[in-house]
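Here are my notes for you, starting with charged pairs and moving on to pockets. Keep the picture open while you read.

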Amino acid sequence: MNFFDVFQLISLILFLSIFIGRSVWLHRTGTQIFVIGKGKSGFKAVLEIIFIGVLVIWIYEIYRHSVGISFSPIPEFLSKVLFESIFLKITGVILIIPGLTIFIFALIAFG
């Protein structure tokens with residue numbers, strides 16, 4: 001594992017910890033958090049349910065790439081690395097840091 005793999009894994013864990021922690025806190029205060037598919041019918045309900053599945057696969061793919069697992073539930077042509085550039089990796093790190101910061105400040109602003 002190199003720096004970028006570790007950074008990617010730590011960023012994912014931090015994001016999920018904040019998201020799940022906030023969700024648990026809201027649930028304890030009586031707020032209904034997950035309303036996926038509720039009150040909707042047809043295409044909108046199906047789309048929301050599919051979104052959850054895609055999100056889980058996306059999280060697994062980030063984890064898989066970080067730790068070097070070879071099994072992927074998606075076809076190989078979709079998980080193939082297109083660019084192997086140190087510039088793009090550094091740009092990714094630079095974008096992830098403010099992204100997580102904005103996410104944290106947004107949750108704080110929601111009260």
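1. Let's start with the salt bridges: the count comes to two, where a salt bridge is a side-chain nitrogen of Lys or Arg within 4 Å of a carboxyl oxygen of Asp or Glu. Bear in mind that this is a predicted model, where local features need pLDDT of at least 70, side-chain atom pairs count only at pLDDT 80 or more, and totals for chains, interfaces and linings use all residues. Residues are numbered from 1 along each chain as its sequence is written, and side-chain values use heavy atoms, with hydrogens and water left out.

2. Have a look at R64 and E61, whose side chains meet in a salt bridge at 3.0 Å, N to O. Both sit in helix α2, three residues apart, about one turn of the helix; helices here are DSSP runs (H or I, at least four residues), numbered from the N terminus.

3. E84 is exposed, at 60% relative accessible area, while K89 is partly exposed, at 28%.

4. E61 turns up again in the largest pocket: of its 30 lining residues, Q8, W58, E61, I62 and H65 lie nearest the centre. A pocket, on a 1 Å grid over the protein atoms alone, is an open set of points where a 1.4 Å probe fits, with protein on both sides within 12 Å along at least five of seven lines; lining residues have an atom within 4 Å of a point. Helix α1 gives the largest share of this lining, seven residues.

How values were computed: Helix = DSSP H or I, 4+ residues; strand = E, 2+ residues; numbered from the N terminus. Buried < 20%, exposed > 50% of the residue type's maximum accessible area, 1.4 Å probe, protein only.
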